Amino acid sequence: MHFLGFFFAGLIFFVAVGSLICVFLSADIVSTFVFEDWNIVVFTVKQASLSAAISCAMAIPISRAIVRRDFIFKSMLLSFLGAPFILPVLVAVIGFAAVFGQSGLINFFLSLLGLPNITIYGLLGIILVHVFFNLPLAVRFLIYGWGSIPAERFRLTAQLGMSRWNVFYCVEIPMLRNTLPSIFVLVFLLCLSSFGVALTMGGGPASTTIEVAIYYAFRYDFNLSKAAYFAMVQICLGLAAISISYKFKPPNVPQGGIDRFVVRWDCNQIHVRFIDYMIISLTGTFIFMPILALVFMSGFNFSSLPDQIWESAVRSLLMSLLSTILAMIISFSIAHTALKYTMGSNNILESIGYLPLCLSPLVLGTGIFIFLLPYINPNDHALKVTVFVNALMSIPFVIGIILNPMRQLYLDFSRLGDNLGLSQMGFISMVLLPRLSRHIGFAAGLACAISLGDFGIITLFSGPNTVTLPMAVYSLMGSYRLEASSSAALLLLLLTFASFYLFDTGGRLFARH
Amino acid sequence: MARFVCVFLTFLTFSGVAFGDEKKVLNVYAPDYFSSEWGPGPIIEESFQKICNCDLKFTTGDLLPRIRLEGKSISADIVIGLDTGISQVAREADIFSKHDQDLGVLTLPIPWHDEVFLPFNWSYFSFIYNNEKLSRVPKSFDELLNGHDDIKIIIQDPRTSVSGLGLVLWVKSIYKDNASMAWRKLSKRILTVTKGWSEAYGLFLQGEADMVLSFTTSPAYHIIADSDHSKTAVIFNEGHYLFVESVAKTKKAKDNELADLFMSFILSESFQKEIPTSNWSYPAALAYDKLPDDFKKLPLPQKTILMSGKEVSKIRKIAIDEWEKALRDK
């Protein structure tokens, strides 16, 4: 069983490094780094760290408010939190502009009140959109973190008469220290390779990110060595962020409870409730406004959509299911092996699991193209390559979601399992799977959504029969059809959301916790 | 929903079925927009297959990187959709052969003598505005730079988009050595720079900016498809930069009769008359009076600007650097 984990980790490493080498070897000019290039690196790191820091910081009070309150739409809100993440950038930007843009809602109200308008294009716009994409993700992750605190802890703090701040310090901070680093790294890595957002919201060349520079080097100068250099810098930055995050992580300790329902005696005062509900509604508004704007713009006009949209929708669905299965198998094997072979904090297998997020999609796609070219016609295999690459891109998320709780489960239950003489498979089927069920469902939903919403990796090799739904949405917009494009985007959103919802609630249904 | 299920079943049934009969195949590389049902791709495929008894196979994607990665071992017979901004780079890849077509039939606004690149459609770069909202429309580039500073425009990045590069070359042609200064003035008008035309135009349609960099033929779409007359292209005194899209035959297809047939098909009236309403641009070889009426009503610039491929490759980097510096210090 464990050789699978090593095999898959090796495969990821091979694809990552191999694609880089392929691109390097095809370069006919050797270029060096110049001062402006470092400016790009600095800006990239700056916007990524700011986006990640703000997303994480805001996620703390939001997830805490959601966890300790019970309201009618809670489970709906939880599912909807996945929605922004799965929107194609082009679509999200349009929806975002409808709310925050020059002629958007916010500015409309500001001018009603006689206040000056805000312009979001620039660093602010980039960060705002990144937060819109990633904050909900961070909140979902943190909610699991909060769920992992045994009810007994809160009972104990109540008995000891601890104040809210003391509870926060003694019980909640240790959990945050455990979960936040990996969330920060995920969001940081996502923003590190930001392309469409940076290019559209950035306002101009002052906001050039590494991925944009790669595209430029590749597309206009055809300077493959520079593209590869930049890609390498991106990998190094990513790996550095991953290893730094390990430094902040305390070692896990066993903390088993008896799965009692969590009651929070520390936060029943009316003003705490008020603040919590305030936070929840503000978050909801921030996340739903752009999506609502999109829904209204499309006018639900599905019947006028060209047939090709439906074809590509089916194609995208089938492909995303395949890549979800692939991603789940690979990530589960890697996570399982990673726990077996190092229980410490510095874990090579885990880092390899995060590696795909550090890759430049453009360099990865080009590398695969160059690798395949001598043997087969890459066009004939565009869909297979896409399924594989999408699976690859989902792995960091899946590992990010399941590894921590899995590690905790081993700590809490492996001694009991050994006592009872449970075999490895027995432990997996009787302890891991049922107790990880909600995480697995969330991870699968996210993986499915990522593959459904992805586009662009196969820009080098595709054809009329390989058009995916996101590509079709983009293409509709590219031919003036903004309305049809928003309808197709709404269809994409509905499909993505439906598959995410099915996996997510499915996982919660099967949970034995 | 019923439709969805139908398509699903059709897809499942036919996705695995390959073409049984051995027809000759013509491999055509094309930009992404050829892969969509609503673009020019299907029309070309259908009408060409009627006359050639062959199978026309489109491969779509980013043309330039693909051409350069494959180099001389390129599997395409034809490459369609090369624009004037990148044609010189494509030419230097040395993979194309002469098209051997009679250029006398061309109806471009300028003389065209290229032996390799055969044009099939053209338009002018311009800014599009909403004539119900914008009243003080600049009549020249100078007026745009020096006039009312409350006009906000959205442009595209010259490093990632054809139209963005077109604007940089347009400014460079008009202002020559003062291009830097012109960009510095223009940068105050720029709301944002987008990756491609689609994002920019989408943001404009949503009312984000007063004007967007596009083509003089863009209003035709709104007029013909939506009977919406509110979009107009500005016409500047200094002239407008020309946008020409070409098709070329690879060396591999030098003696391929199908490829030759395709090249002559490109200039045929049956194909050319499809261009206005599928590609929303002017056909390269169709008499003006055969254009759709709404196209005839579109304003045309007095002066056409176009740099030769050699000039473009000489000046491209300098011009983009000027653009970048001016906008960076904004």
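Leave aside neighbours within four places in sequence, and B:Val212 is in contact with B:Phe127, B:Ile128, B:Ile153, B:Ile154, B:Ala200, B:Tyr201 and B:Phe204. Contact here means that the C-beta atoms of two residues, placed from the backbone, lie within 7 Å. This is a predicted model, in which local features need pLDDT of at least 70, side-chain atom pairs count only at pLDDT 80 or more, and totals for chains, interfaces and linings use all residues. Residues are numbered from 1 along each chain as its sequence is written, while chains are lettered from A and ligands numbered from 1 in the order in which they are written.

B:Val212 also stands out in the largest nonpolar core. Of the 258 residues there, A:Ile214 and B:Val212 touch the most other members. Helix α16 (residues 382–419) of chain A gives this core its largest share, 17 residues. A nonpolar core is a set of buried Ala, Val, Leu, Ile, Met, Phe, Trp, Tyr and Cys residues joined through C-beta atoms within 7 Å. Buried means that 20 or more other C-beta atoms lie within 10 Å of a residue's own. Helices are DSSP runs (H or I, at least four residues), numbered from the N terminus.

Now turn to the interface. Here 50 residues of chain A are in contact with 50 residues of chain B. On the side of chain A that touches chain B, α13(A) supplies the largest share, six residues. By class, that side has 29 nonpolar, 17 polar and four charged residues. Nonpolar covers Ala, Val, Leu, Ile, Met, Phe, Trp, Tyr, Cys and Pro; charged covers Asp, Glu, Lys and Arg; the others, Gly among them, are polar.

One helix pair spans the two chains. α4(A) and helix α8 (residues 197–205) of chain B pack at about 20°, with axes 10 Å apart. Axes are lines fitted to C-alpha atoms over the stretch in contact, and angles run from 0 to 180 degrees between N-to-C directions. The two helices are therefore roughly parallel (under 35 degrees). A:Leu90, A:Val93, A:Ile94 and A:Ala97 of α4(A) meet B:Ser198, B:Glu199, B:Gly202 and B:Leu203 of α8(B). These residues divide into five nonpolar, two polar and one charged.

A second pair lies in chain B. Helices α2 (residues 41–52) and α10 (residues 257–266) of chain B pack at about 125°, with axes 11 Å apart. B:Phe48, B:Ile51 and B:Cys52 of α2(B) contact B:Leu258, B:Leu261, B:Phe262 and B:Phe265 of α10(B). The contact has seven nonpolar, no polar and no charged residues.

Conventions:
Parallel < 35°, antiparallel > 145°, perpendicular 65-115°, else oblique. Buried ≥ 20, exposed ≤ 12 C-beta atoms within 10 Å, placed from the backbone.
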